Amino acid sequence: VAGRLGGEWSGQDPEGEVVDLSVLAPSLLSPQASPEVEAALDLVRRADVLVVASPTYKGTYTGLLKVFLDRLPGGALASVVALPLLVLGDAGHALAVEVHLRPLLVELGANVPTPGLAVIESRIPALDEVLDPWADRVAPQVKAALAAKVSADSVTPA
């Protein structure tokens, strides 16, 4: 997913960078500061386009994702265009991407200009059939959000 979305709009490396929370899990709740966690948080804050993906757990994103994002202060993603993506075990949880994950990203200040993507786990072998129409649908919105960001960044106060 990151390869399809990351570089297409920004002209950067199409594979982007990945934060694997399963690797950071032992450090996320540690009372000691973790350089790896801080580096991951910094990477997320500096992203132009951030794909936030999680499997569903009890009808929403995982606690691991929540613990990680809770380490960001409100507004920390104000310069980020975020795309929420959930992998579902059951189609009955399809609204979780809009009802749970999108509001979390908006609370952190992210610009979430698109419908999120809900992928049923059984469809992963045919991911292109799901991903391509979604990417075509959201690409104009993401391009517009990035263009607005560049325009706002280039305006200097008088």
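Trainee: Why are R46 and D42 said to be separated by about one helical turn?
Mentor: Because they sit 4 residues apart in helix α3. Helices here are DSSP runs of H or I with at least four residues, strands are E runs of at least two, and both are numbered from the N terminus.

Trainee: What makes R46 and D42 a salt bridge?
Mentor: A salt bridge needs a side-chain nitrogen of Lys or Arg within 4 Å of a carboxyl oxygen of Asp or Glu. R46 and D42 meet at 2.9 Å, N to O. They qualify as a salt bridge. Bear in mind that this is a predicted model: local features need pLDDT of at least 70, side-chain atom pairs count only at pLDDT 80 or more, and totals for chains, interfaces and linings use all residues. Residues are numbered from 1 along each chain as its sequence is written, and side-chain values use heavy atoms, with hydrogens and water left out.

Trainee: Why is R46 called exposed, and D42 partly exposed?
Mentor: Relative accessible area decides: buried is under 20%, exposed is over 50%, and partly exposed is in between (1.4 Å probe, protein chains only). R46 has 55%, so R46 is exposed. D42 has 31%, so D42 is partly exposed.

Trainee: How do you know that R71 and E38 form a salt bridge?
Mentor: Their closest N and O atoms are 3.3 Å apart. This pair links distant parts of the chain. R71 is in the loop between α4 and β2, E38 is in helix α3, and 33 residues separate them. R71, at 31% relative accessibility, counts as partly exposed. E38 does too, at 35%. The whole structure holds 5 salt bridges.

Trainee: What makes T62 buried?
Mentor: Its relative accessible area is 19%, so T62 counts as buried. T62 lies in the loop between β1 (49-55) and α4 (63-69). Beyond four places in sequence, T62 touches S54, P55 and Y57; contact means heavy atoms within 4.5 Å.

Trainee: And K58, buried or exposed?
Mentor: Exposed, because K58 has a relative accessible area of 73%. K58 is also in the loop between β1 and α4. Its phi is near 55°, a positive value in a residue other than glycine.

Trainee: What makes a set of residues a nonpolar core?
Mentor: The members are buried Ala, Val, Leu, Ile, Met, Phe, Trp, Tyr and Cys residues, joined through side-chain atoms within 4.5 Å. The largest such core has 29 residues. F68, L69, L72, L77, L101 and L105 touch the most other members. The largest share, 5 residues, comes from α5.
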